[in-house]
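Biologist: Can you walk me through this one? I would like to start with strand pairing and then move on to other topics.

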Amino acid sequence: MSNERCDIAIVGAGPAGMSAAIAAARLGASVVVLDEQRGAGGQIYRAITDAPARRVDLLGPDYAAGRSLAEAFAASGARHLTNAAVWQVTPEGAVHYLRDGATFTLQAERVVLCAGAMERPFPIPGWTLPGVFTAGAAQILLKSADVVPVEPVVLAGCGPLLYLLGWQYVRAGVPIRALVDTTSMEDYRRALPRLGGALAGWRYLKKGLSLMRALKRAGVPFHTGAENLAAEGREGQDGVAALRFTAGGKAHCIETSTLLLHHGVVPNTQFTWSLRARHTWDDAQLCWRPKADAWGALDVPGIHVAGDGLGIGGALAAARQGELAALGAMHGLGRITTGERDKLAAPLRAALREHLRIRPFLDALYRPKKANRIPADDVIVCRCEEVAAGDIRHFVALGCDGPNQAKAFGRCGMGPCQGRQCGLTVTELIADARGVTPAEVGYYRIRPPIKPISLGELAGAE
Amino acid sequence: MPTDVRFRSLVPADASPRGEPMVTLFFDGRALQAPAGCSVAAALLANGVSTFRTTPVSGAPRAPYCMMGACFDCLVEIDGQPNRQSCLVAVAEGMQVKTQAGLRSFDGAGTVIAEEAAHVE
Ligand SMILES: Cc1cc2nc3c(=O)[nH]c(=O)nc-3n(C[C@H](O)[C@H](O)[C@H](O)COP(=O)(O)OP(=O)(O)OC[C@H]3O[C@@H](n4cnc5c(N)ncnc54)[C@H](O)[C@@H]3O)c2cc1C
Ligand code: FES
């Protein structure tokens, strides 16, 4: 294996990874950033470096803001390896990646994992039908390829990304048949007290409300407090044909060939689990978070995490966390003193606190509904092996007490996605069935390679 | 073209978004056009392909769900290699893409992953 060396390897070129790279390079480190995408940007700023002006304008100011960060990153002196899928990071700092059909290894003194988030699984009846996508998937088509649905779409679920996509679709002239919102008045009542006095919070709320107003002005029909969501196919056809739900005491059935689901994003923890780092269950965000110190350092020496992979905080928080991780890593390498580190960190911490202030409110308001996380017996939970919620409950009755046993009982989580799509659901399902906490139930044991790699590619390793 | 095209491009068919050349690829033998740099999944969707594969367990039809490499429902065969995530692979001139029928996860397909790859640790 080739043994290129560097001071700091960063996995992911989103806001966290780019900011970490800029900060570390400025302090004199040799930095390599690896990302499987063809350009810098991560999820929020996907394809920002070669997006035509027309598209940047359509996607809105939060997207456009990524351009200056991407430019600073390009000028930082950090080496950016595009199209590089990292399939293993070892506790010793070896970063194994796949690029152009061959595998390579980078040896780093410190690794900063900035692998971001993914959308929370949304297991409702029919969610495996072709034509059912996540809202993020639809947004990726728009951001990276200018591709949009032809027929009127239905957006269902809750959370900022869902409304943002709706707003972007209105601007792109994409017809929206309905926005089926699972948020209820009760959620607002619960969330409002958590808004606090923070100005940033109110600014954020105002921005969100103006998105909603724009959607309503555009004539998008809203259904709020939606429950009992189910996607339906049609006899003799492959794809989704309608969304059924109840709202306002009435049953609804809205026809659509493109259903976009979303109820929040969760940290991508594949690397941190595979490194055997400690994780804690976050009951406010209903997900696992790797346990890290104030510099994002894991209990695996030399490995840091920054950004949404640490817990969902949004792009601006991710950028500050990236810089803090870079400072922590440089301090660990003896390249800056404790005094220098803490001086540089102070304004970052203040900014981070401000960006995170809105989170308790958002977490409470858009807390995904239990029925959409821990579904009824007939709903598929593991998409790969087609294991239903009822199967898991049956395994529990037979003595299965955690996700790893569920693999043995019925191949749940053993398909190609390695539990990415069922892991959280299986943890919560088993916890619910056993009447214990998710923390007690734990998560799948994740093993490398965390990206598919063929025997040929492995054999061809340099 | 089939009549159930569910996606379209916001830019004219002969002009790729970044001024890149259009490439021709094949899906189950049918020639498709897509801008260079676009993912295979986006190219198929924009060309009216609605089912990408069938599952090994029940034979149910599947198509992309996440578009970011997390769900593996976009698996297709590309240039003879099965189990490729079409949302992560860029189109290339002359690329041969095929529907993937029922292949069970990754065993027997020359691809290692998770359980099968414990030896890599
Ligand atoms: C689909 C999606 C769309 C989103 N859109 C928006 C939006 O429009 N606006 C908004 O405010 N927030 C959006 N978010 C939330 C957004 O992810 C965060 O606010 C922000 O991007 C987090 O930054 P980050 O740097 O932590 O991670 P990300 O921006 O997610 O960056 C992570 C990077 O790591 C790379 N990566 C991950 N695993 C590997 C690997 N194994 N090998 C190589 N590279 C890898 C990814 O390709 C990605 O570029 C979106 C989230 C998702 C999941
Ligand atoms: S669409 Fe989910 S992995 Fe490709």
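Modeller: Strand S4 (residues 53-54) of chain B pairs with S5(B) in the antiparallel sense, over two bridges. Strands pair here if DSSP finds at least two bridges between them; helices (H or I, at least four residues) and strands (E, at least two) are DSSP runs, numbered from the N terminus. This is a predicted model, in which local features need pLDDT of at least 70 and side-chain atom pairs count only at pLDDT 80 or more, while totals for chains, interfaces and linings use all residues. Residues are numbered from 1 along each chain as its sequence is written, chains are lettered from A and ligands numbered from 1 in the order in which they are written, and side-chain values use heavy atoms, with hydrogens and water left out.

Biologist: Which residue stands opposite Arg53(B) in S5(B)?

Modeller: Arg62(B) does.

Biologist: And what is the strand order in that open sheet of chain B?

Modeller: The order is S5-S4-S9 in chain B, three strands with mixed pairing. Strand S5 (61-62) and strand S9 (100-101) of chain B are the edge strands, and each pairs on one side only.

Biologist: How many helices and strands are there in chain B?

Modeller: Chain B has one helix and 10 strands. From the N terminus on, the elements run β-β-β-α-β-β-β-β-β-β-β. Of its 121 residues, 54% count as buried, where buried means under 20% relative accessible area, exposed over 50% and partly exposed in between (1.4 Å probe, protein chains only). Among the contacts in chain B with a separation of 6 or more, 44% come from residues 24 or more positions apart; a contact means heavy atoms within 4.5 Å.

Biologist: Switching to chain A. How do S18 and S19 pair?

Modeller: Strand S18 (residues 279-282) and strand S19 (residues 287-290) of chain A pair in the antiparallel sense over four bridges. Thr280(A) stands opposite Arg289(A) in S19(A). The hairpin has four residues between the strands, and Leu286(A) takes a positive phi near 50° in that hairpin.

Biologist: What about S13 and S14 of chain A, how many bridges join them?

Modeller: Five bridges join strand S13 (residues 227-233) to strand S14 (residues 240-247) of chain A, and the two run antiparallel. Ala231(A) has Leu243(A) as its bridge partner in S14(A). In this hairpin, with six residues between the strands, Gly236(A) takes a positive phi near 80°.

Biologist: What do you call a pocket, and what a cavity?

Modeller: On a 1 Å grid over the protein atoms alone, a cavity is a set of points where a 1.4 Å probe fits but cannot get out. A pocket is an open set with protein on both sides within 12 Å along at least five of seven lines, and lining residues have an atom within 4 Å of a point. Grid points are joined across faces, edges and corners, and a volume is the space filled by probe spheres set on the points.

Biologist: How many cavities of 30 Å³ or more are there?

Modeller: Seven. The largest cavity has a volume of about 130 Å³. Strand S17 (265-267) and S19 of chain A are the elements that give two or more residues to its lining. That lining has eight nonpolar, three polar and one charged residues.

Biologist: Last topic, H4 of chain A. Which of its residues are buried?

Modeller: In helix H4 (residues 66-74) of chain A, the buried residues are Gly66(A), Leu69(A), Ala70(A) and Phe73(A). They are on the same side of H4(A) because they cover an arc of only 100° around the axis, the arc being that of the directions from the helix axis to the C-beta atoms. Ser68(A) and Glu71(A) are exposed, on the face turned away from the buried side of H4(A).

Terms used. Nonpolar A, V, L, I, M, F, W, Y, C, P; charged D, E, K, R; others polar.
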